[in-house]
Amino acid sequence: MRAAVLEKPNYIQVQNLEKPVPKANEIRIRLKSTGICGSDVHLFLGDRLLPVPTVLGHEGLGNVEAIGSLVRGFQIGQRVVIEPNIPCGSCRFCQQGRGNICPNKQVIGVNSPGCFAEYICLDADFCWKLPDSISDEDAVCIEPLAVAVHALKVSSVSSKGPIAIFGLGAIGLLLCQLALTKGYQVWVKDLNEDKQSLAVAMGAGILPAEGLESFLYDQEVAAIFDCVGVAKATNLILETAPRGSEIILVGLANESAQFVPLKIAREGISILPSIIYDHPFDFAETIDLIAKDKIHPGQIISGRFPLDRIEEAMALAVSGIATKVVLDME
């Protein structure tokens with residue numbers, strides 16, 4: 001099979017690898033398309049070093065091609081989407097229903113071969129069958145939308161309350177679309193004006209450049225979602241968060257951020273983490289939302305490339321201009 005292998009930072013190329021054989025509990029999927037995630041970009045750039053050459057990619061969509069001997073309920077040819085974060089199921093966090101922070105979880109495209117390939121084998125419990133009502137364009141965006149679904153559930157703010165979203169990458173835009181669909185009033189901020197315009201077209205308002213803290217307070221913004229992934233932006237949010245609000249950390253900045261404990265405590269500001277999603281609930285809810293025509297995440301796709309043009313696709317994803325880049329395997 002053809003697969004795009006990250007040999008070292010900034011060097012990825014398509015190679016011929018052996019076609020994987022499914023274990024008894026696995027399904028082999030012939031991949032149709034795979035979204036490029038921000039975490040793929042960080043791995044490509046070497047922000048996080050992988051010990052060996054690796055096939056990246058985890059936002060996979062495809063069809064069942066082979067079924068392991070212990071797998072039931074699937075048929076050859078069925079369309080499925082991949083849930084790529086696999087908790088161990090036995091640690092104390094998994095036992096508490098917090099598999100999203102499982103220290104032993106396996107991540108497709110990091111700990112095992114990923115979806116920048118023609119085929120992948122995966123535990124059947126993490127392969128989701130899709131109804132015909134969901135288009136391929138929406139289906140390939142299910143995984144990042146599940147991240148947004150989880151983030152919105154982390155907040156205690158009801159759909160009547162205004163929220164703010166900093167950072168309009170794929171997750172920020174999908175969170176914006178989701179929140180608007182659920183009836184929230186949404187304010188957004190991003191350095192890219194085209195991304196802000198896309199959010200405005202969805203129904204969001206733009207946060208001002210000046211007087212941000214007063215604006216957030218006057219608008220009674222109750223939750224701020226940090227989807228930037230840069231400590232400088234997190235610092236700005238910590239400085240300007242209004243009294244009584246929540247800050248939900250969705251972006252994955254790996255630098256130190258700073259805050260004044262007195263402000264956080266005196267003004268009753270909560271800082272809440274949100275990482276990936278809870279299995280199996282968030283994927284199930286995400287698929288249901290799309291199937292019921294509540295939301296169309298495929299609207300954020302801004303570029304598509306065949307697998308053989310992986311270097312061009314990664315360059316566009318690295319640029320930060322695109323909202324969602326997708327690789328097509330067929």
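This is a predicted model: local features need pLDDT of at least 70, side-chain atom pairs count only at pLDDT 80 or more; totals for chains, interfaces and linings use all residues.
Biologist: Where does His 296 lie, and why is His 296 called partly exposed?

Modeller: His 296 is placed in the loop between helix H10 (281–291) and strand S17 (303–306). Its relative accessibility is 28%. Buried means under 20% and exposed means over 50%, with partly exposed in between, so His 296 counts as partly exposed at 28%.

Biologist: How far apart are His 296 and Lys 129 in sequence and in space?

Modeller: The two residues are 167 residues apart in sequence, and their C-alpha atoms are 18 Å apart in space.

Biologist: Let us turn to the charged side chains. Why is the pair of Arg 2 and Glu 118 called a salt bridge?

Modeller: The closest N and O atoms of Arg 2 and Glu 118 are 3.2 Å apart. A salt bridge needs a side-chain nitrogen of Lys or Arg within 4 Å of a carboxyl oxygen of Asp or Glu, so the pair qualifies at 3.2 Å. The pair also links distant parts of the chain, 116 residues apart: Arg 2 is in strand S1 (residues 2–8), whereas Glu 118 is in the loop between strand S8 (106–107) and strand S9 (119–123).

Biologist: Are Arg 2 and Glu 118 buried or exposed, and how do you know?

Modeller: Arg 2 has a relative accessible area of 22%, so this residue is partly exposed. Glu 118 has 14%; because buried means under 20%, Glu 118 counts as buried.

Biologist: What makes Glu 65 and Lys 19 a salt bridge?

Modeller: Their side chains meet at 3.3 Å, N to O; the limit is 4 Å, so the term applies. This pair, too, links distant parts of the chain, 46 residues apart, with Glu 65 in strand S5 (residues 59–67) and Lys 19 in the loop between strand S2 (11–16) and strand S3 (26–36). Glu 65 is partly exposed at 25% relative accessibility, and Lys 19 is partly exposed at 34%.

Biologist: The side chains of Asp 288 and Lys 292 also meet in a salt bridge, at 3.2 Å from N to O. Why is Lys 292 called exposed?

Modeller: The relative accessibility of Lys 292 is 53%. Exposed means over 50%, so Lys 292 counts as exposed. Asp 288 has 35% and therefore counts as partly exposed.

Biologist: Which residues do salt bridges with shared partners join into one network?

Modeller: That network consists of Arg 2, Glu 118 and Asp 308. A search of the whole structure finds 15 salt bridges.

Biologist: How do you know that the radius of gyration agrees with that of a compact globule?

Modeller: A compact globule of 330 residues would have a radius of gyration near 20 Å; the protein has 20 Å, so the two agree. Along its principal axes, the C-alpha trace spans about 60 × 40 × 35 Å.

Biologist: How many helices and strands are there, and what share of the residues is buried?

Modeller: The protein has eleven helices and 18 strands. Buried residues make up 52% of the 330 residues.

Notes. Residues are numbered from 1 along each chain as its sequence is written. Side-chain values use heavy atoms; hydrogens and water are left out. Helices (H or I, at least four residues) and strands (E, at least two) are DSSP runs, numbered from the N terminus. The radius of gyration is taken over C-alpha atoms; the globule rule is 2.2 Å times the number of residues to the power 0.38. Buried means under 20% relative accessible area, exposed over 50%, partly exposed in between (1.4 Å probe, protein chains only).
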